[in-house]
Amino acid sequence: MEEVLKVSNLTKIFRLSNRQKKINKTKENVKVAVDDLSFSAYKGEIYGLLGPNGAGKTTTLRIISTLIKADKGDAFVNGVSVRNNPKEIRKMIGFLTSELKLEDFFTPEYLFDYFSNLHGIAPDVREERKHKLFSKFGVDTFKEVKVGNLSTGMKQKVSLIISLVHDPDFIIFDEPTNGLDVITAKTVTDFLLDLKAQGKTIILSTHIFSLVEKLCDRVGIIFDGKMIVSDTLANLTAQSDLESVFFNLYEREGQRQ
């Protein structure tokens, strides 16, 4: 198998304000969000980071996508270091997060053209790609409607499209179906499978067992910033369903603390 992503001993520590300490019910001044985390993902697979809220999934994906820096460790996309070559990494990846906020004033068409120009995409390629993606997700009817006037589901579709304007081979999705209705969620999950069929590598974070079971080839279960297990979905669920495996691990790790 061709290794596309190698995450090596990532660690990220955040300092907590007094307000954050109160919210987290702790007297500690720091929080270890990602704790010596390592895993790999291979070409043409969907790798799922599965864990509860606050497990460190989003922080891990932000480090890989160069939005924040790790305090220790590194990650490599096709051998390129996210620590040493962030600009090169940004050219290679697509990143969609539920926290991506598109400017309400602009239209989907304007945003697609703008981000395509940032990536240096030729006009003819841009128009062909725009037509294909807008048609697939039903955005063509709303391409001149300001983002602020779109539904939540349509905004998510536009965000997904914008993250893929440069047709990357390595794609990161943070909670890709979060807050979506069942129809829009199915459109997104079907598209992820289509991207996989094209040979693209996808990393997604989620806390939804059914999404992992439907999409993922391999899974990393993460608690408190630590990788508890990373294996194929088939191996993890050979003796029991994914939900049971997850909670058995959760109870076991809780007893160790």
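## The nonpolar cores

Of the 43 residues in the largest nonpolar core, the ones touching the most other members are L50, L160, F173, L195, L204 and V219. A nonpolar core here is a set of buried Ala, Val, Leu, Ile, Met, Phe, Trp, Tyr and Cys residues joined through side-chain atoms within 4.5 Å, and buried means under 20% relative accessible area (exposed is over 50%, partly exposed in between; 1.4 Å probe, protein chains only). A second, separate core has 29 residues, including I63, I64, V77 and M92.

This is a predicted model, where local features need pLDDT of at least 70 and side-chain atom pairs count only at pLDDT 80 or more, while totals for chains, interfaces and linings use all residues. Residues are numbered from 1 along each chain as its sequence is written, and side-chain values use heavy atoms, leaving out hydrogens and water.

## An enclosed helix

Let's turn to helix α2. It spans residues 57-64 and is largely enclosed by the rest of the structure, because six of its eight residues are buried: K57, T59, T60, L61, I63 and I64. Helices (H or I, at least four residues) and strands (E, at least two) are DSSP runs, numbered from the N terminus. Just after α2, T66 has a positive phi of about 70 degrees.

## Strands side by side

Strand β1 (residues 3-15) runs antiparallel to β2, with nine bridges joining them; two strands pair if DSSP finds at least two bridges between them. L5 has A41 in β2 as its bridge partner. Five bridges also join β1 to β4 (residues 72-77), again antiparallel, and T11 is partnered with K72 in β4.
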